[in-house]
Amino acid sequence: MAISEKLVTECRQRLLQAKQDILNRVKEGRLSLDQNEEKGGDEGDQTIRVLAEQEFLSMHERLRGQLMEIESALARIENGSFGYCEETEEEIEPERLRALPWTRLSIEGAEIRESMNKRYARG
């Protein structure tokens, strides 16, 4: 049974909205960082600026990863592989796709991947 067109359309809309939200957050973060860019000040001011930059870069990296997952999901919609688990090749549960439209794994696939990661993790 193929994934319903209605579900794919719903997920595409959610992915595009999430993408726009991320791009807006990055833009707002950059504007905020630019406003605090004034040079000078004492060591405390400089430390606060450095911490703000580090926080922005950390957030930016997280959002960049999320954006890559969203772009990948949109590509899977275009090529017809959206909604199928990379691990089990079965359909991903509709509820899971609604909750995480960029997911590549079904619940079973996520459990398999997690157990594999634990097995090969260096401890």
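Student: Is Met 116 buried, partly exposed or exposed?

Tutor: Buried means under 20% relative accessible area, exposed over 50%, and partly exposed in between (1.4 Å probe, protein chains only). Met 116 has a relative accessible area of 32%, so Met 116 is partly exposed. Keep in mind that this is a predicted model, where local features need pLDDT of at least 70, side-chain atom pairs count only at pLDDT 80 or more, and totals for chains, interfaces and linings use all residues. Residues are numbered from 1 along each chain as its sequence is written, and side-chain values use heavy atoms, leaving out hydrogens and water.

Student: Which helix holds Met 116?

Tutor: Helices are DSSP runs (H or I, at least four residues), numbered from the N terminus. Met 116 sits in H4, residues 107–120.

Student: How long is helix H2?

Tutor: The expected span is 1.5 Å times one less than the number of residues. H2 (residues 43–79) has 37 residues and runs 53 Å from first C-alpha to last, close to the expected 54 Å. Just after H2, Gly 80 takes a positive phi of about 85°.

Student: What do the buried residues of H2 pack against?

Tutor: Contact means heavy atoms within 4.5 Å. Buried residues of H2 include Phe 56, Leu 63 and Ile 70, and the buried residues of H2 pack against helix H1 (5–35).

Student: And Glu 55, buried or exposed?

Tutor: Glu 55 also lies in H2, but its relative accessibility is 61%, so Glu 55 counts as exposed. Glu 55 and Lys 27 are 28 residues apart in sequence and 14 Å apart in space, C-alpha to C-alpha.

Note on methods:
Helix = DSSP H or I, 4+ residues; strand = E, 2+ residues; numbered from the N terminus.
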